[in-house]
Amino acid sequence: MAISVRPIKAELTRSLRQQILRPMQTLEEMKWPRDDDQTTLHLGAWADDRLVGIVTLYPQPMPMDPQRPQTWQLRGMAVDSQFQGQGIGKLLVKEAISQLQYRGVQTLWCDARVSACEFYKSMKFVVISKPYEKPPVGPHVLMKLDLGTL
Ligand SMILES: CC(C)(COP(=O)(O)OP(=O)(O)OC[C@H]1O[C@@H](n2cnc3c(N)ncnc32)[C@H](O)[C@@H]1OP(=O)(O)O)[C@@H](O)C(=O)NCCC(=O)NCCS
């Protein structure tokens, strides 16, 4: 199956966010505060004309090291359940990394669900916090990736 990854508009992220990440919330609640910032980047993975994966990225200091320059956050990482485990998440993160390297970003971080921690580790992210609760979703850890070392 040929998958293509490319930038998408914020509106297109909402359905997968709700289905995969926050089924307990409404579609309206899938509009997140930084979605329409000029610098925010939304990437979509397409299988023909079906959107099967999403991720959102924007500049945001990292909670544990707020002075660190050129730091971006990764959010809303989701792959359609029928398409998980086929390398689509990896394609999305790889494209995110190359887009951010082009922009001079040094550090990428995320609030990772503990259940997705191994996925991020497979992309060379490292855990930098103890687990914490993030209602209404559950346990998370802070993870980061130094783009300069890739
Ligand atoms: C987590 C998620 C984005 C990963 O995307 P994916 O397309 O399923 O993952 P990939 O097929 O690209 O997997 C890449 C690697 O991570 C591993 N991996 C993926 N999900 C994993 C999981 N939940 N647990 C352990 N390993 C996992 C794969 O085995 C693979 O390893 P490899 O490179 O050694 O073969 C996707 O499964 C998903 O949307 N899950 C539900 C929502 C979620 O948890 N999102 C993250 C919120 S922080």
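Predicted model: local features only at pLDDT ≥ 70, side-chain atom pairs only at ≥ 80, totals over all residues.
Residues are numbered from 1 along each chain as its sequence is written.

**Stop 1: the whole chain**

Show the chain as a cartoon. It has 3 helices and 8 strands. Here helices (H or I, at least four residues) and strands (E, at least two) are DSSP runs, numbered from the N terminus. Trace the chain along the sequence and the pattern is β-α-β-β-β-α-β-α-β-β-β. The radius of gyration is 15 Å, close to the 15 Å that the globule rule gives for 150 residues, so the chain is as compact as a globular protein of that length. That radius is taken over C-alpha atoms, and the rule is 2.2 Å times the number of residues to the power 0.38. Along the principal axes, the C-alpha atoms fill a box of roughly 40 × 35 × 30 Å.

**Stop 2**

**Stop 3: the core**

Next, select Val55, Leu74, Leu92, Ala96, Leu108 and Met143. These have the most contacts inside the largest nonpolar core, which has 28 residues. Such a core is a set of buried Ala, Val, Leu, Ile, Met, Phe, Trp, Tyr and Cys residues joined through C-beta atoms within 7 Å. Strand E2 (41–47), strand E3 (50–59), E4, H2, E5 and strand E8 (138–146) each supply at least two residues of this core. In soluble globular proteins, nonpolar side chains tend to be buried together.

Zoom in on leucine 108. Beyond its neighbours within four places in sequence, leucine 108 is in contact with Trp72, Leu74, Leu100, Lys144, Leu145 and Leu147. Contact means that two C-beta atoms, placed from the backbone, lie within 7 Å.

**Stop 4: methionine 77**

Move to methionine 77, in strand E4. Is methionine 77 buried or exposed? Methionine 77 is buried, because 24 other C-beta atoms lie within 10 Å. The cut-offs: buried at 20 or more other C-beta atoms within 10 Å of a residue's own, exposed at 12 or fewer, partly exposed in between, with C-beta atoms placed from the backbone. Leaving out residues up to four places away in sequence, methionine 77 touches Val55 and Gly89.

**Stop 5: strand E8 and its partners**

Select E8. Two strands pair if DSSP finds at least two bridges between them. E5 and E8 run antiparallel, joined by 7 bridges. Aspartate 111 stands opposite leucine 142 in E8. Strand E6 (residues 126–127) also runs antiparallel to E8, with 2 bridges. There, valine 127 has methionine 143 as its bridge partner. Strand E7 (residues 132–134) is antiparallel to E8 too, through 3 bridges. Tyrosine 132 pairs with histidine 140. Look for the hairpin of 3 residues that joins E7 to E8.

**Last stop: proline 139**

Stay in E8 and pick proline 139. Proline 139 counts as partly exposed, with 13 C-beta neighbours inside 10 Å. Apart from residues up to four places away in sequence, proline 139 touches Val114, Pro131 and Glu133.
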